[in-house]
Amino acid sequence: MGKVLFIRQENYDQEGIDSAILRAFENFGGVRNFISKGDRVLLKVNLVSGHDVERRVTTDPSIVRSAAKIVIESGGTPFIADSPGIDGFKGAAEKAGFMNIAREFGIECHELTDPVDLPVNDGADFRRIQVSRYVLEADKVINLAKLKTHAQMYLTMGVKNLFGCVPGRLKAGWHYNVGLSREKFASLLLDIYLGVRPSFTILDGVIGMHKEGPTSGDPYNFGIIGACVDALSMDFALCRMLGGKLEDYPLYMAAKKRNLPQCESFASEVEGDIDSSHVFPNVELPKTRSMRLLPHVPFLERLMTSKPVHIPEKCIGCGRCAEICPADALRHENRRLYFDYGKCIRCYCCHEMCPVKAIKVKDSLLLKLVNMIS
Ligand code: SF4
Ligand code: SF4
């Protein structure tokens, strides 16, 4: 398992970030424990879609710059990569500040394309998962994740960040395949994480996101950088530190079903400037409780699961929501959206990809009632 380190870091001042990232590596035996001379190192950022840095959707460039510098100084060759959900890679990476870093250091920054089969572990739920060949061809993967809430999966941190290793529209295909089941999707995330096995994870929790994450929420100054070899323990510890319930966290429930030891040990692994009893105040988390309260009956699950609704006055008519919908449950016409809620699998990809927060996630009456009494 291994420890989880939390370092206090209140802002993105480059000097402060550099010393925090260095401290993170040193705490785990030094960067040479992870990077050897000549290694080609994937810096797997969070570039879910194209957003200005101030929206706090993507991994902050100061953290990516720091990691790139450390890898170069250790004799490795870093490259920055991800697979955005919908936007062209270059434009999104430019907005997020990653292309500038690539130019500064003369390194590559490109999309994770070219799917190949990921070798999966014995206990995997899904036997055939395809990830970008760049992930498998890299000698090391450094996972540069972002701390955010996630309307469908409750939270996105170290483990969920690896879903971006699945190239382009194959991601939407997975949403469609697992349908309404968050636990199945969480199980897929586990398989990807355990298959890719990043060497080291650094979590950007300096300013993360709460409320309607991962793209439409509000920034929240958590003031931390997380570091670990095993991101499962870190994600579970943070769930509680954010005021969440582990039973509401699909990733935890999927791990528990597999009897993964991190489900029991995570709290004792936390070290650094804050311990596992720390609770960040007033964090607003999504409501995912339908999953644990109901048997898998699609009709009931639909009634009990929050649904996407349109806010027409904010809509700019770009059509991205309809384009990304994996279930073909959404039609867009003259700045009006028509949802087919019978087909909708509540993946919230439309909500995630809307550039102007014109889709919100709304609880059903039944779900509100259950949340009140549970
Ligand atoms: S309408 Fe939105 S939430 Fe429903 S399936 Fe399509 S993208 Fe997912
Ligand atoms: S709801 Fe958002 S994504 Fe959909 S058309 Fe309007 S602005 Fe575009």
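Cys-321 is buried, because its relative accessible area is 9%, under the 20% cut-off. The model is predicted.

Cys-321 belongs to helix 13 (residues 320-324). Beyond its neighbours within four places in sequence, Cys-321 is in contact with Leu-330, Leu-337, Cys-350 and Ile-359. Pro-286 lies 35 residues away along the chain, and its C-alpha atom is separated from that of Cys-321 by 20 Å.

**Ligand shells**

Ligand 1 has its own surroundings: Pro-308, Cys-325, Pro-326, Ala-327, Phe-339, Cys-344, Ile-345, Arg-346, Cys-347, Tyr-348, Cys-349 and Cys-350. The second largest cavity is the space that ligand 1 takes.

The shells divide as follows.

**Nonpolar cores**

Which residues touch the most other members of the largest nonpolar core? They are Phe-6, Ile-129, Phe-236, Leu-238, Tyr-249 and Phe-280, out of 66 residues. Helix 7 (residues 182-196) supplies the largest share of this core, 9 residues. A second, separate core has 41 residues, including Ala-96, Phe-98, Ile-101 and Ile-207.

Phe-6 has contacts well along the sequence. Leaving aside neighbours within four places, its contacts include Ile-224, Ile-225, Met-234, Leu-238 and Met-241. Also among them are Val-270, Glu-271, Asp-273 and Ile-274.

Note on methods
Residues are numbered from 1 along each chain as its sequence is written. Chains are lettered from A and ligands numbered from 1 in the order in which they are written. This is a predicted model: local features need pLDDT of at least 70, side-chain atom pairs count only at pLDDT 80 or more; totals for chains, interfaces and linings use all residues. Side-chain values use heavy atoms; hydrogens and water are left out. A residue is near a molecule or strand if one of its heavy atoms lies within 4 Å of it. On a 1 Å grid over the protein atoms alone, a cavity is a set of points where a 1.4 Å probe fits but cannot get out, and a pocket is an open set with protein on both sides within 12 Å along at least five of seven lines; lining residues have an atom within 4 Å of a point. A molecule sits in a cavity or pocket if more than half of its atoms lie within 2 Å of its grid points. A nonpolar core is a set of buried Ala, Val, Leu, Ile, Met, Phe, Trp, Tyr and Cys residues joined through side-chain atoms within 4.5 Å. Buried means under 20% relative accessible area, exposed over 50%, partly exposed in between (1.4 Å probe, protein chains only). Helices (H or I, at least four residues) and strands (E, at least two) are DSSP runs, numbered from the N terminus. Contact means heavy atoms within 4.5 Å.
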